[in-house]
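Here is a friendly walk through one model, from the whole chain down to single residues. Please keep the sequence and the 3D view at hand.

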Amino acid sequence: MAIRKKSNKNPPVLSHEFIVQNHADIVSCVAMIFLLGLMFEITAKAAVIFVTLQYNVTIPATEEQSAETISLYHYGIKDLATIFFYMLVAIIIHAIIQEYVLDKINRKMHFSKTKHSKFNESGQLSAFYLFSCVWGTSILVSENYISDPTSLWRDYPHTLVPFQMKFFYISQLAYWFHAFPELYFQKTKKEDIFRQIVYIGLYLFHIAGAYLLNDERYQKGFSLWAVLFVLGRLLTLILSVLTFGFGLARAEDQQLNFSTGNFNILAVRISVLASICMAQAFMMWKFINFQLRRWREHSSQPQSVKKKFVTAKGKTSRKERENGINGTVTSNGADSPRSRKEKSSNELRTEFSLQKKLLNQTFKLTQMLDCLLI
């Protein structure tokens, strides 16, 4: 995200700069149109598709299960309208967090352009992740997924879900869809667009897959984030193997049936499990490369400081340089080209060996998962 400079000049209406500066107000007006549509009988039927969740099924109360009627939901094409409306809501919330929280911190910290962009991106994602973790944990507790993990695959397909679970999926999809127009609204740099599109697409692929296939998967310091990241990847793999490799593989009904929403066949299980493993391996690959690059930067900082110090200390006059004194200082104070080449080759060998180990572990894991599924 680039720095948004406020100007006293009013740009032309509907121009590029006008839309970027006032996109939150424009989106708020569009969302207000849907809300006002609920107030009139003529437009209420159309507006309710955008604002409320669709495809609800009322299950009557029984003496064995519950004393009250239960409302459950399934999915359909009308969910796209609901996702669109809550995508507008996500854009508005994004603008509120940016203006009233992140921009104020940026003005106090005086970040550079690069740090400013990274801080805005990290701040928005941190707020979203915190909200999602709290909401997701409450769903896991209320639906007894923590106390009874077998309910993740028992009685598959899960065509009907409670209100909170469907709303959670809709909100997740709406947030990641809103990230595409935000690339334009926030004036994202060209070199950052591809990176952001990759992880936005990965999130949408897995969330939409879990929603449509009727299944559910759910710093203080930098070191804490690294540990949690690795644990998150490991936990995702474990739950995926348990669900697709053991739970669904032992289900009685393993026939593809679009009418009942049953996708529990071997090809789908292998495809979903392979996509999960590939995504986790890709994220770990990026994580390891990032850690290696960070380690190289920190290890090279003391050497660069030492070189600067020796160079400053070894400055000589023009006459001394002509007499050959400067050549002695340079040879003693700085590394020779050969030693620098040896250091760079050692670093490359270390990085290559770590990447080779990661690929071997990923290949072994894939073989193990294939054996379990077969």
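The sections below go from the overall fold to a few local features.

## Basis of the model

This is a predicted model, in which local features need pLDDT of at least 70, side-chain atom pairs count only at pLDDT 80 or more, and totals for chains, interfaces and linings use all residues. Residues are numbered from 1 along each chain as its sequence is written, and side-chain values use heavy atoms, with hydrogens and water left out.

## Overall fold

The protein chain holds 12 helices and 2 strands (DSSP runs numbered from the N terminus: helices are H or I with at least four residues, strands are E with at least two). Along the sequence, their order is α-α-α-β-β-α-α-α-α-α-α-α-α-α.

Of the 374 residues in the protein chain, 32% are buried; here buried means under 20% relative accessible area, exposed over 50%, and partly exposed in between, with a 1.4 Å probe and protein chains only. The accessible surface of the protein chain is about 24300 Å², and 65% of that belongs to carbon and sulfur atoms (Shrake-Rupley method with a 1.4 Å probe; for residues, only the protein chains shown count as cover).

## Annotated spans

An unreviewed UniProt entry carries the annotation "transmembrane region" for residues 26-53, 83-102, 123-147, 167-185, 197-213, 225-249 and 261-285. UniProt positions follow the numbering used here, feature names are shortened, and annotations may be inferred rather than shown by experiment.

Take two of these spans in the model. Residues 26-53 are 82% helix and 0% strand, with end C-alpha atoms 24 Å apart. Residues 167-185 are 100% helix and 0% strand, and their end C-alpha atoms lie 26 Å apart.

## Helix H4

Helix H4 covers residues 79-109, and its 31 residues should span 45 Å at 1.5 Å a residue; the end C-alpha atoms are 42 Å apart, which agrees. The expected span is 1.5 Å times one less than the number of residues.

H4 also has a kink of about 40° centred on Gln98, where the bend at a residue is the angle between axes fitted to the seven residues ending there and the seven starting there. Just after H4, His110 adopts a positive phi of about 55°.

## Exposed and buried residues

Phe40 sits in the loop between H2 and helix H3 (41-51). Phe40 counts as exposed because its relative accessibility is 52%.

Val241 belongs to helix H8 (residues 222-247). With a relative accessible area of 11%, Val241 is buried. Val241 and Cys277 are 36 residues apart in sequence, and their C-alpha atoms are 9.6 Å apart in space.
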